[in-house]
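Let's take a walk through this one together. Have the model open and follow along.

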Amino acid sequence: MAVTVETHTTLAEAARALALGGVYMGGGTGVMHGINEGTLQGRVIRATDPALRAIRATGEGVSLGAGVTMAQVLATPDLAFLHPAARAVGGPQVRVMGTVGGNLFAPHPYGDFAAALLALGARAVMAAGSHRALEDLLRDRDRPGLVAALEVPRPRELRAFGFAKVQRVKPRGVSVLSIAAHLPREGGRLRGVRVAYGAMAPAPIRAASVERVLEGATLDAATIARAVAVAAEGITPPTDPVATGWYRAQVVGVHLRRLLERMV
Amino acid sequence: MALRPVTFTLNGMAKAAFAEDGQNLLDFLRRGVGDLSPKFGCGQGGCGACTVLVDGAPVLSCLMLAEAVQGASVETASGLAGASLHPLQEAFMDRFAAQCGYCTPGMLMAAKALLDRNPRPTRDEVIEAISGNICRCTGYEPIIAAILDVSTGRVRA
């Protein structure tokens, strides 16, 4: 079987085509090497709808078209809170091509940007108009339908959101792990805490045990120590050429501590 | 296999050629158009040897569909030199920034993308700009020095 590429001018057409089977191609960084190697056969669907590249402010956040690239995010001063996560993705060429929608489907150990979106509580807007929480989408990535956009709540203050990527090669390497933390404060206490890990599971996940420790607490040395103690609780990280699962579980607490101490 | 007509400009010259279904831009440029300057390295987006500029931005041509450059401006290393070498090519020679030379076309295009956008980059910005390009010969220092030479005007066309 050969590859057949179908290019549609609207999202609706692309969604209808995808419902009949095939693989969706955004920026190409995740799909094209499968075509090059012959491991991907059959229908490849793409869309040139300008809505996919749109960035617009919403009530309490921002809407990113699924085809918005990391380079676009970095070129938008209003998205400064997302810049550390966008900068963590690939080299300059990958950032020009790689999209925020595609990052949701990047296989382990990629998907650092998706971890940031997960911590912020982003929702996916599907082409059919429905919404899906990101944790649901990330749990079931095989037949997700077509993501049209991502609605990303804006952190109330810049210091309430932190992101860290751990890599062995500088300045550009694959993740050992990444951590994103959204720690809004109310009257000195953390309320609505969300912490997400990248590369600690087949897809980005929330660090439920850490969130339970932080929720309602003050961010001080004692709280951080308690959060670090449960950093790997309930998580079995994958092993790959970058790091073993054992190593990831051992060091996640170290990097969580560093990130939380930066956010005090 | 279906063929699709693609019209674009390559180094300022209008081009029209047929792309195969699923053909990547690198293969299209090399086999379809005859520009052999972008190189095939990993085919997975990891090495940067295939870097070309599309509408001024650096992309990995091995990971881009050929048909995606319909109507776009594509620049490759073969278009750098005019009557004389491009300053980056001069600087790469002066600094011995190429040994086997396989990464050089991609390095040059990544460097050009940087200098077109930011003519006076810092050393850190140069390192960042070539961080998607792998060189197994030089250890990078001569390449960084060559790019900085052009940015500081030590090498001129």
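Start with the open sheet in chain A of this predicted model: five strands, in the order β4-β5-β8-β6-β7, with antiparallel pairing. Backbone hydrogen bonds are what pair the strands of a sheet, in either a parallel or an antiparallel way. Which strands stand at the edges? Those are β4 (55-57) and β7 (131-133) of chain A; each has a single partner strand, so one side of each is left without a neighbour in the sheet. Going from one strand to the next, the twist averages 25 degrees.

The partner here is strand β5 (residues 61-65) of chain A, and the two pair in the antiparallel sense over three bridges. If you want a landmark, look for A:A57, which sits opposite A:V62 in β5(A).

Then jump to strand β6 (residues 123-126) of chain A. On one side, four bridges join β6(A) to strand β8 (residues 147-153) of chain A, and the two run antiparallel; here A:A124 stands opposite A:L150 in β8(A). β6(A) is also joined to β7(A), again antiparallel, by three bridges, and in this pair A:V125 faces A:H131 as its opposite number in β7(A). β6(A) and β7(A) form a hairpin with four residues between the strands, and in that hairpin A:G129 takes a positive phi near 105 degrees.

Next, leave the sheet for a pair of helices in chain A. Packed helices are described by the angle between their axes and the distance between the axes. For helix α10 (residues 221-229) and helix α11 (residues 245-263) of chain A, the axes come within 9 Å and cross at roughly 150 degrees. An angle over 145 degrees counts as roughly antiparallel, so that is how α10(A) lies relative to α11(A). The crossing is right-handed. From α10(A), the contact is made by A:I224, A:A227 and A:V228, while α11(A) brings A:G253, A:L256, A:R257, A:L260 and A:E261. Sorted by type, the residues of this contact are five nonpolar, one polar and two charged.

Finally, what about the other chain? Chain B has 24 residues in contact with 23 residues of chain A. On the side of chain B that touches chain A, β4 (57-60) and α4 (123-129) of chain B each supply at least two residues, and β4(B) gives the most, with four. That side of chain B divides into 12 nonpolar, nine polar and three charged residues.

Key:
Residues are numbered from 1 along each chain as its sequence is written. Chains are lettered from A and ligands numbered from 1 in the order in which they are written. This is a predicted model: local features need pLDDT of at least 70, side-chain atom pairs count only at pLDDT 80 or more; totals for chains, interfaces and linings use all residues. Two residues are in contact if their C-beta atoms, placed from the backbone, lie within 7 Å. Ala, Val, Leu, Ile, Met, Phe, Trp, Tyr, Cys and Pro count as nonpolar, Asp, Glu, Lys and Arg as charged, and the others, Gly among them, as polar. Two strands pair if DSSP finds at least two bridges between them. Axes are lines fitted to C-alpha atoms, for helices over the stretch in contact, and angles run from 0 to 180 degrees between N-to-C directions. Angles under 35 degrees count as roughly parallel, over 145 as roughly antiparallel, 65 to 115 as roughly perpendicular and the rest as oblique. A crossing is left-handed if the near helix is turned anticlockwise from the far one by less than a right angle, and right-handed if clockwise.
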